[in-house]
Amino acid sequence: MRSFWQFEASWISGLLLVALLAGKVSGAYLAAFTGALALYLLRHILHLYRLLAWLRSGKRKMPLGSGLWEEIYYLLYRLMRRNKRRKKRLLHMLERFQTATAALPDATVVLGVRNEIIWFNDAAITLLGLRKSDVGQQVINLVRFPQFVEFLRQPQPHTQLDSVDIASPVLMDARLQVRIVPYGEGLRLLVAQDVTQLRFMERVRSDFVANVSHELRTPLTVLKGYLETLEDAQEQMPRRYFQIFKRMNEQTRRMQYLIDDLLMLTRLESDHKPRSEDVPVPDILREICDETALMKEEHAPISLEIATQAHITGDKSLLYSAFSNLIVNALKYTPAQGRITVRWLQDEIGLRMEVEDNGPGIAVEHLPRITERFYRVEIGGVSNKDGTGLGLAIVKHVLSRHNAELRIRSKPGEGSCFGCYFLH
Ligand code: ADP
């Protein structure tokens with residue numbers, strides 16, 4: 001038995017003894033025992049009163065007690081101290097978290113289920129112009145750019161765009177890249193990063209490529225002009241120059257393709273919106289297939305399967321060039337005894353243009369990088385020396401400007417399937 005129980009037992013036995021003696025002396029046993037019980041109860045009521053007063057006051061100093069009550073006071077005191085320490089630790093952690101988020105260069109805003117602001121860091125004040133009094137307000141009432149509002153309203157996490165660029169509502173000429181990260185129950189973290197410098201560098205690079213391509217155009221036209229003149233004089237040319245002349249023609253043609261593709265990419269990267277017109281995809285595919293078939297004397301047959309007559313809205317010339325890039329690639333890389341199928345179909349995901357071939361295929365390790373500029377894969381036995389390595393980059397850009405995706409399935413030795421997915 002613990003000592004406080006012993007103490008309590010001796011208290012009770014003491015009281016009983018006193019009651020017994022008092023009863024013996026007075027002969028009123030009932031009154032003596034009732035008095036002892038009342039005394040015992042009084043002691044507990046007194047301690048309960050002290051306990052209540054102590055808990056209410058929140059004072060550190062523990063009330064004095066003996067036996068059972070000393071133990072109760074001590075255990076409560078220990079619990080209180082433990083809670084205090086835990087609270088202190090949590091406060092410290094919170095402080096550290098707040099200092100860390102305050103030091104973050106990116107604006108960070110915690111949004112509730114209705115997009116109301118719950119919390120934000122200091123960078124949100126500088127970059128988004130939020131004020132302490134904005135807590136509880138819907139963020140779209142404070143940052144009103146249409147693309148931002150549309151981005152925020154997109155269902156999460158199935159977002160088509162994973163970030164959106166907006167101008168800073170407070171900093172002149174600053175560009176912000178906004179991302180949304182869902183977390184917890186219905187909460188979302190809005191992170192806005194200052195990408196002004198990055199966008200500036202991208203524009204410088206893009207302008208540089210556009211300028212160089214433009215500047216190269218003139219000397220190339222002159223060269224091509226001379227080569228065309230020489231073509232008429234081929235008859236009088238010594239035979240040993242024939243091969244050189246052929247290579248010169250090939251290389252100028254390749255340079256022309258490169259310049260055209262680079263200019264197309266810079267056009268795609270520029271901020272201007274693509275045209276929004278009716279695009280009769282079935283007609284376009286027929287036209288491309290007919291034209292492409294004339295490109296190579298001996299080639300794999302192209303079969304066209306039009307399963308829907310649906311049109312889409314977009315930039316006709318951009319889409320023409322994307323589709324034609326895929327069909328030309330299939331023709332270029334599939335041997336003459338192979339087979340190419342071009343499809344236009346609709347299913348539960350949306351509309352889809354597909355180019356399937358049973359050519360050499362692409363090894364899986366190349367697939368993640370295949371749409372990068374100038375990324376080319378050496379294909380055994382098939383010459384891709386005419387390629388620029390820019391075709392698939394163009395396709396990807398064109399599709400992303402139409403909220404569509406390029407998906408590639410390919411197996412070496414079995415063939416490839418390039419799908420342009422126009423999602424709902
Ligand atoms: P390129 O001008 O070299 O064709 P692309 O960007 O169009 O540039 O294609 C990049 C690379 O992807 C090509 O070099 C080729 O290796 C590979 N590729 C593209 N289409 C096919 C295809 N239908 N079959 C096999 N490989 C392909």
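Select D290 first: this residue is exposed, with a relative accessible area of 56%. Here, exposed means over 50% relative accessible area, buried means under 20%, and partly exposed lies in between, computed with a 1.4 Å probe and protein chains only. D290 lies in helix α8, residues 281–293. Helices and strands throughout are DSSP runs numbered from the N terminus, a helix (H or I) having at least four residues and a strand (E) at least two.

The model is predicted: local features need pLDDT of at least 70 and side-chain atom pairs count only at pLDDT 80 or more, whereas totals for chains, interfaces and linings use all residues. Residues are numbered from 1 along each chain as its sequence is written, and side-chain values use heavy atoms, with hydrogens and water left out.

**Two long separations**

Next, select A233 in the loop between α6 (196–232) and α7. A233 is partly exposed, at 30% relative accessible area.

**Helix α1**

Move to residues 3–26, which form α1. This helix of 24 residues reaches 34 Å from its first C-alpha to its last, close to the 34 Å expected at 1.5 Å a residue; the expected span is 1.5 Å times one less than the number of residues. Within α1, display the side of the helix given by F4, E8, L15, A19 and G23, which are buried. Against which helices do the buried residues of α1 pack? They pack against α2 (29–57) and α3 (68–103), where contact means heavy atoms within 4.5 Å. Just after α1, select G27, whose phi is positive, at about 80°.

**The ligand and its shell**

Centre the view on the ligand. Its surroundings comprise 20 residues, of which N329, Y333, D357, T388 and L392 are the closest; a residue counts as near if one of its heavy atoms lies within 4 Å.

- From N329, a polar side-chain atom lies 2.8 Å from an oxygen atom of the ligand.
- From V377, a backbone N or O atom lies 3.0 Å from an oxygen atom of the ligand.
- From L392, a polar backbone atom is 2.8 Å from an oxygen atom of the ligand.

On its own, the ligand has 530 Å² of accessible area, and the protein covers 98% of this; such areas come from the Shrake-Rupley method with a 1.4 Å probe. Two or more shell residues each come from α9 (316–333), α10 (391–401) and β12 (415–423). The largest share, four residues, is that of α9. Colour the shell by class to find 10 nonpolar, seven polar and three charged residues. In this scheme Ala, Val, Leu, Ile, Met, Phe, Trp, Tyr, Cys and Pro are nonpolar, Asp, Glu, Lys and Arg are charged, and the others, Gly among them, are polar.

R254 is partly exposed, at 22% relative accessibility. The two residues are 134 apart in sequence, yet R254 and T388 are 7.5 Å apart in space, C-alpha to C-alpha.

**Helix α10 and its end**

Select α10 next, where G391, L392, A393, I394, V395, V398 and L399 are buried. The buried residues of α10 pack against α7 (240–269), α9, β11 and β12. Then step to N403, in the loop between α10 and β11 (404–411). Its phi is near 55°, a positive value in a residue other than glycine. N403 is partly exposed, with a relative accessible area of 48%.

Finish at N115, in the loop between β1 (107–111) and β2 (117–120). N115 has a positive phi of about 65° although it is not a glycine. Is N115 buried or exposed? At 9% relative accessibility, N115 counts as buried.

How values were computed. Polar contact = N/O pair within 3.5 Å; in protein donor to acceptor, adjacent residues only side chain to side chain.
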